[in-house]
Amino acid sequence: MNQSASRPFKQVDVFTAVPYRGNPVAVVLEGSGLSDEQMQRFARWTNLSETTFLLPPQSDRADYRVRIFTPGGELPFAGHPTIGSCHAWLEAGGKPRTAGVIVQECQVGLVPLRRSGARLAFEAPPLRRGEPDAALLARLLPALGLQRQEVLAAQTLDNGPVWLGLLVDQPATVLRLAPDHAQLERLGQKVGVAAACPDAPAGSPQLEVRGFAAPIGVPEDPVTGSLNASLAQWLMADGRMPARYLAAQGARLDRAGRVHLERDEQGQVWVGGDAVTCIGGNVTL
């Protein structure tokens, strides 16, 4: 394909069934022939937390390949672009090699997805986690506006993207945060803050989440699949959350993101959510 061509394009709202209440991702359905510079320039122009480009797979086990860009650089994996890209690919007529499962190829490898009605869920990539650097944590907490006694647990979480995960005492603590994003950018650390909602009625979210990603040009992400995946793997493994729960993210940005987390009998965590196309057409690239 010529490097200057009209390419099919969709903008998909993810982790919501209601348009404009989740996290949008821009999806260029024909990314072949574009340079890294062109992809990065377009991602800066959309100014969304992520923009993806679909390409033919290099693995004979994958249905398509995706490259994922933020305004500040390329990501090896991200959650809401995985669901949004798969939604756009299926909506455009994509047919998986194996019925009932779609296999996405990205920099972290092959990521299976499954469908349940209109909802998609991806298999959380393997998680590497450990204790965060104490000196870094001491500098991060003031930048977030957190007191040390409000933090119940902390872990460095790496499933492609690297997050500092903080479990704090209550949802009100999560929602009141007004971070110093410039300081977080200087410290070079993405941070996810979460709190359990122990008295949530049936069907309501059981975990309140916020994700701050100033180092990649996204001060606060509306709804973050990779973060919720790694939080679930950590908190379920440590007995701090049940094997199935619903997470809420985006309230402070007037969003109502809902992320469905579930650990299957084999111990694999799946991250699910609804998606809805808000814009369809073509883009010249």
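A134 sits in helix α3, which covers residues 134-144; helices (H or I, at least four residues) and strands (E, at least two) are DSSP runs, numbered from the N terminus. The model is a predicted one, in which local features need pLDDT of at least 70 and side-chain atom pairs count only at pLDDT 80 or more, while totals for chains, interfaces and linings use all residues. Residues are numbered from 1 along each chain as its sequence is written, and side-chain values use heavy atoms, with hydrogens and water left out. With a relative accessibility of 59%, A134 counts as exposed, where exposed means over 50% relative accessible area, buried under 20% and partly exposed in between (1.4 Å probe, protein chains only). From the C-alpha atom of A134 to that of R244, 110 residues away along the chain, the separation is 31 Å.

The domain assignment gives domain 1 (6-124 + 273-284) and domain 2 (128-252), with bounds that come from an automatic or database domain assignment. The C-alpha centres of domain 1 and domain 2 are 24 Å apart. Their contact (heavy atoms within 4.5 Å) draws 16 residues from domain 1 and 13 residues from domain 2.

The size of an interface is often given as the accessible area lost when the parts come together. Here, domain 1 and domain 2 bury about 1000 Å² between them, with 69% of it on carbon and sulfur atoms; this buried area is the accessible area (1.4 Å probe) that two parts lose on being put together, summed over both. On the side of domain 1, N23, F77 and A124 lose the most area to domain 2, together 34% of what that side buries.

V108 is found in the loop between β6 (101-106) and β7 (109-116). At 36% relative accessibility, V108 counts as partly exposed. Beyond its neighbours within four places in sequence, V108 is in contact with P76, F77, N159 and G160. V108 and S204, 96 residues apart in sequence, are 32 Å apart in space, C-alpha to C-alpha.

S226, in turn, belongs to helix α6 (residues 225-237) and counts as buried at 3% relative accessibility. Neighbours within four places in sequence aside, the contacts of S226 are F77, A78, G79, N159, P161 and W163. The side chains of S226 and W163 are also joined by a polar contact of 3.4 Å, a term for a pair of N or O atoms within 3.5 Å; within protein, one must be able to donate a hydrogen and the other to accept it, and residues adjacent in sequence count only if both atoms are side-chain atoms.
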